[in-house]
Amino acid sequence: MVTSFHVPRLVIAAPSSGSGKTTVATGLMAAFSERGLAVSPHKAGPDYIDPGYHALATGRPGRNLDAFMCGPELVAPLFAHAAAGCDLAVVEGVMGLYDGAAGRGELASTAQVAKLLRAPVVLVVDASSQSRSVAALVHGFASFDPQVRLGGVILNKVGSDRHEVMLREALEEAGMPVLGVLRRAPQVATPSRHLGLVPVAERRADAVAAVAALAEQVRQGCDLDALMALARTAPPLPCEAWDAERALAGTRGSAPNPGPQTPDGLEEPASPAFEARGLGRSPSRRPVVAVAGGPAFTFSYAEHAELLTAAGADVVTFDPLRDEALPAGTAGLVIGGGFPEVYAPELSANEPLRAAVARFAEAGGPVAAECAGLLYLARSLDGKPMCGVLDADARMSERLTLGYREAVAVSDSALAANGTRLRGHEFHRTVIEPGAGASPAWGFTHPERRVEGFVQQGVHASYLHTHWAAEPSVALRFVAAAAARP
């Protein structure tokens with residue numbers, strides 16, 4: 001049954017990366033929150049870092065809307081799930097407005113997300129090196145796709161009063177409303193490093209001050225009433241909000257997918273090991289699933305914890321930088337992404353926890369490790385001893401590996417049945433040698449064909465970031481494996 005969901009909403013986009021989307025989106029979220037509104041924060045694409053600033057601005061979890069990883073059909077339901085009960089939703093775009101998955105047209109672009117949400121778009125333009133030409137630029141973006149409704153412009157990095165007048169005159173001729181003008185303000189810039197902005201968890205006091213400054217800048221430079229009026233023009237969405245329990249209900253009792261061909265054409269034998277564990281049946285007890293957090297492990301999607309909880313687990317967060325033991329009763333371990341390379345000495349110095357993780361893995365405990373988790377499970381990272389679960393060594397690299405991937409599980413594991421197909425993304429400036437174990441985790445089918453990652457005993461470790469809402473069975477499978485622990 002299709003239901004209707006309605007909340008005022010805006011998509012904050014730009015002609016290109018570096019135009020100021022994060023500044024404007026975070027500032028708007030904070031400014032509207034200061035007015036007493038419940039603001040639902042969202043980020044188009046796979047980015048983990050910006051949602052941390054969004055959460056700080058609104059007091060609500062930052063949520064991602066990724067049409068590549070989750071499929072276009074889940075964008076509106078996931079949005080409705082997060083925005084339920086809110087007064088306003090603000091979606092920060094990714095890259096340029098029409099930039100998406102390479103070679104896939106509009107897929108995963110901000111424009112596609114805006115159309116799926118039937119949301120008006122506000123274009124943030126870096127006006128620092130133009131005057132009348134801004135009208136031609138905005139006209140092109142407004143007319144490129146008639147289904148994208150460009151509702152106004154916020155001019156960023158404006159140099160002077162005279163500069164502002166010229167820009168406004170040009171856009172008035174083009175018939176495009178100017179909803180805000182922001183001057184250059186380096187004092188509210190947020191620091192970056194090799195993978196983007198420094199996460200909130202690593203600089204919380206400074207991040208709070210930065211978000212407050214962004215709110216003040218946006219409040220002074222933008223017409224909040226006009227922006228809210230534009231948000232209210234968004235029509236109802238014909239969709240039902242995503243729900244973790246309903247998502248899992250469709251996977252209970254389902255058999256694993258048949259064994260696939262790997263990218264090299266070799267048949268991978270399917271294993272009935274996890275079928276025998278009662279996948280799909282509610283466990284008689286709630287296993288504790290420990291999830292790594294803290295400054296070194298900041299990359300996670302909120303839906304993962306919700307799915308684990310709905311599947312029957314008690315989710316407990318721990319900090320590998322500070323905690324010397326796993327949470328009491330840990331039956332499953334999730335170590336997501338982050339920046340272990342920045343904290344390699346501190347992670348290495350926490351020998352009691354490294355030993356506890358190694359014992360847990362050696363005993364066959366289910367472990368799901370993505371990217372940073374993969375590095376933490378390695379023998380070493382930049383020469384510093386890590387957990388030693390994997391017979392591999394990791395190091396920093398000058399090359400950035402970034403992009404969407406289509407993958408198929410080529411080894412049966414606690415996380416994914418052999419043949420499970422998922423879309424994900426890689427985002428790292430490290431390498432691990434070897435890149436795959438005797439039983440790889442994934443076979444990539446697009447854009448390149450290779451195997452990657454490690455499956456051994458209960459461990460599933462890989463560079464690939466995935467969004468479990470796209471395939472809820474992985475959460476159910478993982479909790480079933482945890483519940484089967486003696």
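Helix α6 spans residues 161-173 and comprises 13 residues; helices here are DSSP runs of H or I with at least four residues, strands are runs of E with at least two, and both are numbered from the N terminus. From its first C-alpha to its last, α6 reaches 19 Å, close to the 18 Å expected at 1.5 Å a residue, where the expected span is 1.5 Å times one less than the number of residues. The model is predicted: local features need pLDDT of at least 70, side-chain atom pairs count only at pLDDT 80 or more, and totals for chains, interfaces and linings use all residues. Residues are numbered from 1 along each chain as its sequence is written, and side-chain values use heavy atoms, with hydrogens and water left out.

The buried residues of α6 are His-163, Glu-164, Leu-167, Ala-170 and Leu-171. Buried denotes under 20% relative accessible area, exposed over 50%, and partly exposed the range in between, with a 1.4 Å probe and protein chains only. Viewed down the axis of α6, these buried residues fall within an arc of 130 degrees, so they line one face of the helix; the arc is taken over the directions from the helix axis to the C-beta atoms. An α-helix has 3.6 residues a turn, so residues three or four places apart point the same way. The face of α6 turned away from the buried side carries the exposed residues Asp-161, Arg-162, Glu-172 and Glu-173.

The cover over the buried residues of α6 includes α5 (133-144), β7 (150-158) and β8 (178-183). Glu-164, in helix α6, counts as buried because its relative accessibility is 18%. Apart from residues up to four places away in sequence, Glu-164 touches Val-158, Val-181 and Arg-183, contact being defined as heavy atoms within 4.5 Å. Just after α6, Gly-175 takes a positive phi of about 75 degrees.

The protein as a whole has 14 helices and 24 strands, and 58% of its 486 residues count as buried. Among contacts between residues at least 6 apart in sequence, 76% join residues at least 24 apart. The largest nonpolar core has 119 residues, of which Phe-79, Leu-117, Leu-155 and Leu-227 touch the most other members. Such a core is a set of buried Ala, Val, Leu, Ile, Met, Phe, Trp, Tyr and Cys residues joined through side-chain atoms within 4.5 Å. Beyond its neighbours within four places in sequence, Leu-227 is in contact with Leu-10, Leu-28, Phe-32, Val-122, Ile-154, Leu-179 and Cys-222. A second, separate core of 39 residues includes Ile-335, Ala-361, Ala-372 and Ala-394.

With a relative accessibility of 1%, Gly-337 counts as buried. Its C-alpha atom is separated by 6.4 Å from that of Thr-298, 39 residues apart along the chain.

Another loop residue, Pro-472, is found between β24 (465-466) and α14 (473-483). Pro-472 is buried, with a relative accessible area of 9%. Leaving aside neighbours within four places in sequence, Pro-472 is in contact with Ala-247, Leu-248, Thr-251 and Leu-307.

Turning to the cysteines, Cys-222 counts as buried at 9% relative accessibility, and Cys-371 counts as buried at 5%. With a disulfide taken as a pair of cysteine sulfur atoms within 2.5 Å, the count comes to zero.
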